[in-house]
Amino acid sequence: MNTGKVTLVGAGPGDPELLTLKALKAIRAATVLLVDDLVSPEVVAHAAPGARIVHVGKRGGCKSTPQAFIEKLMLMAAREGENVVRLKGGDPFIFGRGGEEMEHLRAAGVPVEIVNGITSGLAAATSLGVPLTHREHAQGVIFLTGHAQQGASLPDWRMLAATAREARLTLVIYMGVSGAAHIQQDLLTGLPASTPVAIVQRASHPDQRHAVTTLGEMAATIAAQALASPAVIVVGDVVRGVAAAGHAVSAVRAA
Ligand code: SAH
């Protein structure tokens, strides 16, 4: 049997120049590409002319393709001998369900490779000149989701707030804007209201927007500036000193 393979490829946060050379090579070699909605068209444009491109994300208000169906598509294509690339926003192993997809494919006997991408939390901070760790302000960083799978419990924000304060950690929250009021309320049990916060929408895209505020004003700022998904929230002293709000584009884009 001529089994193909699947490569889970991180497409990076948006700016096509933030793609790795390894990702580019995989995209060019793919015969079938399954593309998430957070992936930039300029990244998909690297696909070979004859490659089959399937968009499996939410587009134009349509419902996203169910996860089980995406996994079935990958499996079928690989079994037909195709070189399948699954293009995912940011890094495939950070909140992208890449782990689940890998397990599913491996259980079915399909070879799987992973190519890292620059995760949006990292790109969001860097685009504002914010280092996620800093010897004076943060000894480490925690990547969190503000939106748990149905039935699963959300992060324990109260415990995290206390830990972040004591251990001096930066919090990077994905999928957190819609639950910002609740997250703010719980984080305030352990962190001061003056803790600096940055919200970055569509990091590294040409239409990137951001706001810098404090934990006490976080939800109000998100509402007032109509910041919406996809956005990342960075909480911690590393944010201090960034200009209050604006449409600053990333350093890479500004070139
Ligand atoms: N694997 C992706 C995350 C997928 S979960 C990664 O590593 O980046 C989807 C969430 O990621 C979005 O709701 C948002 O919180 C965040 N996200 C993805 N792209 C983003 C971008 N360009 N700017 C800000 N946040 C982004």
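An oxygen atom of the ligand lies 2.7 Å from an N or O atom in the side chain of Ser120, a distance computed from what is a predicted model. Around the ligand there are 19 residues in total, and Ser120 is listed among the closest of them.

**Ligand surroundings**

- Besides Ser120, the closest of the 19 residues that surround the ligand are Ile94, Thr119, Ala203 and Ala231.

**Helices H3 and H4**

- Helix H3, which covers residues 67–79, and helix H4, which covers residues 98–107, have axes that come within 10 Å and cross at roughly 45°; because of that angle, H3 counts as oblique to H4.
- The crossing in which H3 passes H4 is right-handed.
- On the H3 side the contact involves Gln67, Glu71, Met74 and Leu75, and these meet Glu100, Glu101, His104 and Leu105 on the H4 side.
- Sorted by class, the residues of this contact between H3 and H4 comprise 3 nonpolar, 2 polar and 3 charged.

**Helices H6 and H7**

- For helix H6 (residues 157–167) and helix H7 (residues 180–187), the axes come within 8 Å and cross at roughly 50°, so H6 is likewise described as oblique to H7.
- The crossing of H6 and H7 is right-handed, and the contact is formed by Trp157, Arg158 and Ala161 from H6 together with His182, Ile183, Asp186 and Leu187 from H7.
- The residues in the contact of H6 with H7 divide into 4 nonpolar, 1 polar and 2 charged.

**Backbone features in loops**

- The peptide bond that runs from Ser229 to Pro230 is cis, its omega being near 0°, and Pro230 is located in the loop between helix H8 (218–224) and strand E10 (231–235).
- Arg97 is not a glycine, yet its phi is positive, at about 65°; this residue sits in the loop between strand E4 (83–88) and helix H4.

How values were computed. Residues are numbered from 1 along each chain as its sequence is written. This is a predicted model: local features need pLDDT of at least 70, side-chain atom pairs count only at pLDDT 80 or more; totals for chains, interfaces and linings use all residues. Side-chain values use heavy atoms; hydrogens and water are left out. Axes are lines fitted to C-alpha atoms, for helices over the stretch in contact, and angles run from 0 to 180 degrees between N-to-C directions. Helices (H or I, at least four residues) and strands (E, at least two) are DSSP runs, numbered from the N terminus. Angles under 35 degrees count as roughly parallel, over 145 as roughly antiparallel, 65 to 115 as roughly perpendicular and the rest as oblique. A crossing is left-handed if the near helix is turned anticlockwise from the far one by less than a right angle, and right-handed if clockwise. Contact means heavy atoms within 4.5 Å. Ala, Val, Leu, Ile, Met, Phe, Trp, Tyr, Cys and Pro count as nonpolar, Asp, Glu, Lys and Arg as charged, and the others, Gly among them, as polar. A residue is near a molecule or strand if one of its heavy atoms lies within 4 Å of it. A polar contact is a pair of N or O atoms within 3.5 Å; within protein, one must be able to donate a hydrogen and the other to accept it, and residues adjacent in sequence count only if both atoms are side-chain atoms.
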